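Me: Could you take a close, careful look at one part of this model and follow the chain through it to its surroundings? Please give the cut-offs for the terms as they come up.

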Amino acid sequence: MAIDPTQPYDDDNIFAKILRGEIPNKTVYEDEWVLAFHDINPQAPEHILVIPKGRYVSWDDFSASASEAEIAGFVRAVGHVAREAGMVEPGYRLLANIGKHGHQEVAHLHVHIFAGKPLGPMLMRS
């Protein structure tokens, strides 16, 4: 079920529980700003999630409320994870689903990194 990104942060969302160590994950990278881990339901041969450690619901919330250091740390971490995973060549896709039309399912900002096969067009053509 898609979430409303204008609602307050929910401390019971799955990523908040992962950050608190209540739910295990397969971590690929962690620093003071982010946690990156393998998706438990991968949609490509390589599927990693990168989440900020702060309480941000969406990209809008993050870009408006996060500190400059948090924003820089998050963006740099996404690039670092892709490089370390060997995704730069032949390529990868970043995806952040925001709100109902974007089909955001977890009320915590996260970026998907997909790789490992040709991914096709960005959106289905109608």
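Reply: Pro-90 lies in the loop between helix H3 (68-84) and strand S4, where helices (H or I, at least four residues) and strands (E, at least two) are DSSP runs numbered from the N terminus. This is a predicted model, in which local features need pLDDT of at least 70 and side-chain atom pairs count only at pLDDT 80 or more, while totals for chains, interfaces and linings use all residues. Residues are numbered from 1 along each chain as its sequence is written, and side-chain values use heavy atoms, with hydrogens and water left out.

Strand S4 (residues 93-95) pairs with S5 in the antiparallel sense over 3 bridges, pairing being assigned if DSSP finds at least two bridges between two strands. Within this pairing, Leu-95 has His-112 of S5 as its bridge partner. The loop between S4 and S5 contains His-103, whose phi is near 65°, a positive value in a residue other than glycine. His-103 has a relative accessibility of 45% and counts as partly exposed, a class between buried (under 20% relative accessible area) and exposed (over 50%), computed with a 1.4 Å probe on protein chains only.

Strand S5 itself spans residues 111-115, and because 5 of its 5 residues are buried, S5 is largely enclosed by the rest of the structure. Side chains in a regular strand alternate between the two faces of the sheet. Here Val-111, Ile-113 and Ala-115 point one way from S5, whereas His-112 and Phe-114 point the other way, and all are buried. Strand S3 (residues 46-52) also pairs with S5 in the antiparallel sense, over 5 bridges, and in this pairing the bridge partner of Leu-49 is again His-112.

Lys-53 is partly exposed at 31%, as is Glu-30 at 49%. Arg-55 forms another with Asp-11, the closest N and O atoms being 3.0 Å apart. Arg-55 lies in the loop between S3 and helix H2 (59-65) and Asp-11 in the segment before helix H1 (14-19), so this pair ties together parts 44 residues apart in sequence.

Methods. A salt bridge is a side-chain nitrogen of Lys or Arg within 4 Å of a carboxyl oxygen of Asp or Glu.
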